[in-house]
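Please read this briefing alongside the sequence and the model shown below.

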Amino acid sequence: MTSPLFFTISALVIAALLPFCAGVAVVSSNNTFERRSGPGDVHTSCKKANDVALTFDDGPYRYHLGLSPAVIARCCLSSLPHLCAFCLVDIARTLEKAGVRGTFFVNGDNWDCIYDPHQVTSLQTSHKAGHQIASHTWSHPDLNTLDEDQIREEFTKINMALQKILGVVPSVIRPPYGNYNDKVRQVASALGQSLVNWNLDSEDAMGATPQASKQGYANAADKHQSTIISLEHETVKTTVYDVLPFAIHTLKAQGYNFVTIAECLGIDAYKSTVSPGRRDATWTC
């Protein structure tokens with residue numbers, strides 16, 4: 001027979017451990033770090049049925065109405081910043097004409113340097129128009145190959161760049177290639193950021209033809225997929241000029257509601273908002 005003293009000691013031990021247990025995240029059998037909600041989560045769908053969030057990776061990068069890089073450089077470094085903005089925002093203008101706001105997951109130093117004058121103008125123009133600017137890491141590495149300090153540097157460098165350029169720190173990160181592990185989630189959580197992947201891939205970065213990408217949108221619309229977070233790349237010319245207009249038209253015809261990722265998830269787009277910085281010697285890749 002168990003003595004009353006045993007129960008008394010057991011109760012005291014449990015009471016002492018409860019505060020520590022309350023903060024422990026549940027770890028599943030496959031060792032995936034799980035949280036009920038908040039920073040560190042991985043999102044692949046919207047909260048409300050019928051919502052679609054169009055997202056674009058790997059920028060800042062634009063196709064510029066057929067202008068050569070040399071002409072664009074002269075345009076953007078001239079005394080005509082309004083002309084520079086006109087040249088640099090093909091995707092943003094396509095969205096705006098359709099009454100749609102998109103989400104741009106940008107890098108710091110990938111296809112171009114985020115601090116280049118024309119890319120700064122591009123981001124500022126898109127942000128001012130109401131499009132969401134989010135993190136796609138600084139240099140687009142496979143985060144699963146990095147240690148904790150390297151992951152943190154990838155996240156914080158792009159955060160600092162966007163704070164300088166736009167005055168914002170994004171609340172969400174898209175991991176390059178969609179790859180993440182427990183370490184990535186834990187670093188994101190410590191920074192107060194969540195991860196966002198997708199549930200409709202245009203496969204443009206994998207070489208899909210425009211027709212194949214369009215068919216993916218047509219299939220999703222035909223079966224009326226409940227919610228959509230799409231994946232496109234603003235570095236693919238046919239996505240900009242061919243697939244995007246088709247996707248907007250097709251999804252609109254099925255009555256979808258176009259939202260930013262923040263609206264899709266019911267969260268703030270940015271962790272913080274301050275006045276943008278002034279260009280100085282630190283604005284370099």
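The link of Cys-46 and Cys-264 is left-handed, with -105° about the S-S bond. It is one of 2 disulfides found in a search of the whole structure, where a disulfide is a pair of cysteine sulfur atoms within 2.5 Å. This is a predicted model, in which local features need pLDDT of at least 70 and side-chain atom pairs count only at pLDDT 80 or more, while totals for chains, interfaces and linings use all residues. Residues are numbered from 1 along each chain as its sequence is written, and side-chain values use heavy atoms, with hydrogens and water left out.

**Disulfides**

- In the link of Cys-46 and Cys-264, the S to S distance is 2.2 Å.
- Cys-46 lies in the loop between β1 (42-43) and β2 (51-53) and Cys-264 in helix α10 (residues 261-265), so the pair ties together parts that are 218 residues apart in sequence; helices (H or I, at least four residues) and strands (E, at least two) are DSSP runs, numbered from the N terminus.
- Both Cys-46 and Cys-264 are buried, where buried means under 20% relative accessible area, exposed means over 50%, and partly exposed is in between, with a 1.4 Å probe and protein chains only.
- A disulfide also joins Cys-113 to Cys-285, with an S to S distance of 2.1 Å, and its torsion about the S-S bond is about 90°, so this disulfide is right-handed.
- Cys-113 is in the loop between β4 (103-106) and α5 (117-128), and Cys-285 is in the segment after β12 (270-273), so this pair ties together parts that are 172 residues apart in sequence.
- Cys-113 is buried, with a relative accessible area of 11%, whereas Cys-285, at 39% relative accessibility, counts as partly exposed.

**Helix packing**

- Two packed helices are described by the angle between their axes and the distance between the axes; here axes are lines fitted to C-alpha atoms, for helices over the stretch in contact, and angles run from 0 to 180 degrees between N-to-C directions.
- Helix α4 (residues 90-97) packs with helix α9 (residues 237-253) at an angle of about 20°, and their axes are 11 Å apart.
- The helices α4 and α9 are therefore roughly parallel to each other, on a scale where angles under 35 degrees count as roughly parallel, over 145 as roughly antiparallel, 65 to 115 as roughly perpendicular and the rest as oblique.
- The crossing of α4 and α9 is right-handed; a crossing is left-handed if the near helix is turned anticlockwise from the far one by less than a right angle, and right-handed if clockwise.
- On the side of α4 the contact is made by Asp-90, Ile-91, Thr-94 and Leu-95, and on the side of α9 by Val-240, Tyr-241, Leu-244, Pro-245 and Ile-248, contact meaning heavy atoms within 4.5 Å.
- By class, this contact of α4 with α9 has 7 nonpolar, 1 polar and 1 charged residues, where Ala, Val, Leu, Ile, Met, Phe, Trp, Tyr, Cys and Pro count as nonpolar, Asp, Glu, Lys and Arg as charged, and the others, Gly among them, as polar.
- The axes of helix α6 (residues 148-166) and helix α7 (residues 182-190) come within 10 Å and cross at roughly 50°, which makes α6 oblique to α7.
- The crossing of α6 and α7 is right-handed, and in it Glu-148, Ile-151, Arg-152 and Phe-155 of α6 meet Lys-183, Val-184, Val-187 and Ala-188 of α7.
- The contact of α6 with α7 has 5 nonpolar, no polar and 3 charged residues by class.

**Single residues**

- Leu-200, found in strand β9 (residues 200-201), is buried, with a relative accessible area of 10%.
- Leaving aside neighbours within four places in sequence, the residues in contact with Leu-200 include Gly-216, Tyr-217 and Ile-228; Leu-200 and Ile-228 are 28 residues apart in sequence and 6.4 Å apart in space, C-alpha to C-alpha.
- Thr-227, in the loop between α8 and β10 (228-233), counts as buried at 8% relative accessibility, and among the residues it touches, not counting those up to four places away in sequence, are Cys-46 and Asn-199.
- Thr-238, in helix α9, is partly exposed, with a relative accessible area of 34%, and touches Pro-210 and Val-243, not counting residues up to four places away in sequence.
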